[in-house]
Amino acid sequence: MIEIHNIHKTFGDKKVLDGIDGVFESGKMNMLLGASGTGKSVLLKCIVGLVKPDLGSITYDGRIFTNNKLDIRQEIRRKIGMLFQGSALFDSMNVNENVEFPLTMLTDMNRTERKKRVEFCLQRVGLENAGNLMPSELSGGMKKRVGIARAIAPHCTYLFCDEPNSGLDPLTAITIDELIKEITEEYDITTIVVTHDMNSVLEYGDNVMFLYKGKKLWEGHSSGIMDTRVKELNDFIFSNRLMRDAKKIEQIEENEQRDEDIRNGEV
Ligand SMILES: Nc1ncnc2c1ncn2[C@@H]1O[C@H](COP(=O)(O)OP(=O)(O)OP(=O)(O)O)[C@@H](O)[C@H]1O
């Protein structure tokens, strides 16, 4: 579990994070949702330790991360897996080498153990036959899978995904979301996904945090998001025509159900 409390961050005279609190539980799909420029990536960077918050605290399973000793922060960092937006694979390394890289850097596994772990992780993401391919030979969806295998290879406890399905077609996007969810539940990982994708949120968001201009305006399970009364969140959701149509259909169905209940004398 990751807990953040009262996180503030200002760049120059621009306030980017304005007192954010939150709890991200393990085994759940925790999602940071919001429009461009609203502070999602900066918040994620604060949580990972790439950006230092001006104020506030971050704890990982009860261990303070912010302002703690370097060796404790490094110990926590070793348990973090990152899936970057563009997958960020090393172009000069094949798939096996990409997944092995964090094992060489972060663990004391010997070569045989590393090979076994790489094999296992590639199998887990459905790429057991792709080990000798170079990144240039992979589709966008395959690159994301390699990115996931690389992130989980050192037995990560925490997984951060920055827009994991950006640039993917809708079907591939769903399979990547599904894979992240399965892995999160299977290994009880604390996962945080940054996204603007309402499809992902509605389908997989166990705990959704909506950020607007550096503040958290809404938090909850995705099942409640369509009924929100927070104007900024409503505007964000229904800026998408498909979402507006879905809402209309939902209202029509509700009205039909109510009419039927009245006819049956149940109201
Ligand atoms: N290192 C930095 N120095 C100055 N300003 C920064 C820095 N990093 C981020 N910002 C600013 O902070 C604001 C929030 O950026 P952030 O990348 O967190 O947005 P975001 O919500 O992740 O957007 P997107 O969905 O487009 O990635 C932006 O106005 C950005 O320009």
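Helix α5 passes helix α6 in a right-handed crossing. A crossing counts as right-handed if the near helix is turned clockwise from the far one by less than a right angle, and left-handed if anticlockwise. The axes of α5 (residues 140-152) and α6 (residues 170-186) come within 10 Å and cross at roughly 10°. That makes α5 roughly parallel to α6. Angles under 35 degrees count as roughly parallel, over 145 as roughly antiparallel, 65 to 115 as roughly perpendicular, and the rest as oblique. Axes are lines fitted to C-alpha atoms, for helices over the stretch in contact, and angles run from 0 to 180 degrees between N-to-C directions.

On the α5 side, the contact is made by Gly 140, Gly 141, Lys 144, Ile 148 and Ile 152. On the α6 side, Thr 172, Thr 175, Ile 176, Leu 179, Ile 180 and Ile 183 take part. These residues divide into six nonpolar, four polar and one charged. Here Ala, Val, Leu, Ile, Met, Phe, Trp, Tyr, Cys and Pro count as nonpolar, Asp, Glu, Lys and Arg as charged, and the others, Gly among them, as polar. Two residues are in contact if their C-beta atoms, placed from the backbone, lie within 7 Å.

This is a predicted model: local features need pLDDT of at least 70, side-chain atom pairs count only at pLDDT 80 or more, and totals for chains, interfaces and linings use all residues. Residues are numbered from 1 along each chain as its sequence is written.

**Overall layout**

The protein has nine helices and 10 strands. Helices (H or I, at least four residues) and strands (E, at least two) are DSSP runs, numbered from the N terminus. Along its principal axes the C-alpha trace spans about 70 × 45 × 30 Å. Of the 267 residues, 34% count as buried. A residue is buried if 20 or more other C-beta atoms lie within 10 Å of its own, exposed if 12 or fewer, and partly exposed in between. Among contacts with a separation of 6 or more, 65% come from residues 24 or more positions apart.

**The sheet**

Six strands form an open sheet in the order β6-β7-β8-β3-β9-β10, with mixed pairing. β6 (80-83) and β10 (215-220) are the edge strands, and each pairs on one side only. The twist averages 20° from one strand to the next. Two strands pair if DSSP finds at least two bridges between them.

Strand β8 (residues 190-195) has six of its six residues buried, so it is largely enclosed by the rest of the structure. Both faces are covered. Thr 190, Ile 192 and Val 194 lie on one side, and Thr 191, Val 193 and Thr 195 on the other. Five bridges join β3 (residues 29-33) to β8, and the two run parallel. Five bridges also join β7 (residues 158-162) to β8, again parallel.

| Residue | Partner in β8 |
|---|---|
| Leu 33 | Thr 195 |

Helix α1 (residues 40-48) lies across β3, β6, β7, β8 and β9 (207-212). α1 runs at about 155° to β8.

**Helix α3**

In α3 (residues 95-106), Val 95, Asn 98, Val 99, Glu 100 and Leu 103 are buried. The buried residues of α3 pack against α4 (111-124) and α5. An α-helix has 3.6 residues a turn, so residues three or four places apart point the same way.

**Loops on either side of β7**

Most residues other than glycine have a negative phi. His 155, in the loop between α5 and β7, has a positive phi near 55°. His 155 is partly exposed, with 15 other C-beta atoms within 10 Å. Glu 163 lies in the loop between β7 and α6. Its phi is also positive, about 45°, although Glu 163 is not a glycine. Glu 163 is partly exposed, with 19 other C-beta atoms within 10 Å.

**Arg 63**

Arg 63 lies in strand β5 (residues 63-64). Arg 63 is exposed, with 12 other C-beta atoms within 10 Å. Not counting residues up to four places away in sequence, Arg 63 touches Ile 72 and Ile 76. The C-alpha atoms of Arg 63 and Asp 259 are separated by 55 Å, and these residues are 196 apart along the chain.
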